[in-house]
Amino acid sequence: MPGLSAAPPAAFLLLLLLLSLSPPLPAAGAAERELAADSRLAAGAARLALHYLNSQTASPGALRALGQVRKATLKSIPDSGHKYYLQFTAEDYKTGEDAGSCLATVLYPKTKAQPVVNIKCTHTKDLQKIHEEDNRLYRKFRHQTKPIMGNNIPDSYGNIEPALEPVWALAVAGSSYIMWEKSTENLGYFMAQVKSAKQWIRKDDFIEFDYTVLLHEVPTQEIISCHMRLTWLPGHPLKVKYFCTSENQGPDDGSGMESGSAAGILHERGANF
């Protein structure tokens, strides 16, 4: 006799995430409207949420890119800013394969503070395999007797040498932190290229690289050059120091700094799990 079947774990988890991140009833004075799923603002907010996730996860094996926005709501909150409620799919950053579904909120404050993100995603990739991939990458870096160095990753044809793929993946994780901090409601970023990479051999357990990365700013189409020093150990927060320069401006200390000279500033924050 047929009975009730259990809900699939992934579907049940997605339902719980949906309930936890659903927009609350509008507060007095708050204006709310639906956005077209293919709108630039919705895609920009979803992409920013994944920048935040990639930097917080600090896992080269779990990098995600935006798939497709399914639903987006924008709420204008007086004295606070614009808050986006998003449902979207994600792709594996390296392979383009399905990487689950995500629910996120993104608040762009009226102040110059960086966007505030809350994001939860389902997993299609086995977490144990992700840990194993990260540990293999870590051992490769850790056992180097000579520093790894590389330039123009990917090359002008879009190719990445297999030996440099881990260097590129780690740069994506670090650049995600910069892109999260620098993004605004009307400006977003993609990592276009690792212009140069150099490993520093350390005596402790951490992996350290100096990078110069090129970020593609949209919709301005400007190329932003950022020098980034990255420190990484699996299972620990990613540490990033950086400063950026654009084609038309001098050094920029990134968003989130409300005062002080931009020239020569190195910014460091550890991700919090």
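**View A. Strands β1 and β2 pair up through five bridges.** In this predicted model, β1 and β2 run antiparallel.

**View B. The β2–β3 pairing, with its hairpin turn.** Here 11 bridges hold together β2 and β3, another antiparallel pair. A72 has L86 of β3 as its bridge partner. Follow the chain into the hairpin and you'll pass three residues between the two strands. What does phi do at D79 in this hairpin? D79 takes a positive value, near 65°.

**View C. Strand β3 meets strand β4 through 10 bridges.** The strands cover residues 81–92 (β3) and 98–109 (β4), and they run antiparallel. A handy landmark is Y85, which faces T105 in β4.

**View D. The whole sheet, five strands in the order β1-β2-β3-β4-β5.** Which strands stand at the edges? Those are β1 (31–35) and β5 (116–121); each has a single partner strand, so one side of each lacks a neighbour in the sheet. From one strand to the next, the twist averages 20°. If you're tracing side chains along the strands, keep in mind that in a regular strand they alternate between the two faces of the sheet.

**View E. Helix α2 lies across the sheet.** Spanning residues 40–57, α2 lies across β1, β2, β3, β4 and β5. Take β2 (64–77) as the reference strand, and the helix runs at about 115° to β2.

**View F. Helices α3 and α4 pack against each other.** As for handedness, α3 passes α4 in a left-handed crossing.

**View G. A closer look at the residues between α3 and α4.** Which residues make the contact? From α3 come L137, K140 and F141, while α4 supplies P166, V167 and L170. Sorted by class, the contact has five nonpolar residues and one charged residue, with no polar ones.

Notes: Residues are numbered from 1 along each chain as its sequence is written. This is a predicted model: local features need pLDDT of at least 70, side-chain atom pairs count only at pLDDT 80 or more; totals for chains, interfaces and linings use all residues. Side-chain values use heavy atoms; hydrogens and water are left out. Two strands pair if DSSP finds at least two bridges between them. Helices (H or I, at least four residues) and strands (E, at least two) are DSSP runs, numbered from the N terminus. Axes are lines fitted to C-alpha atoms, for helices over the stretch in contact, and angles run from 0 to 180 degrees between N-to-C directions. Contact means heavy atoms within 4.5 Å. A crossing is left-handed if the near helix is turned anticlockwise from the far one by less than a right angle, and right-handed if clockwise. Ala, Val, Leu, Ile, Met, Phe, Trp, Tyr, Cys and Pro count as nonpolar, Asp, Glu, Lys and Arg as charged, and the others, Gly among them, as polar.
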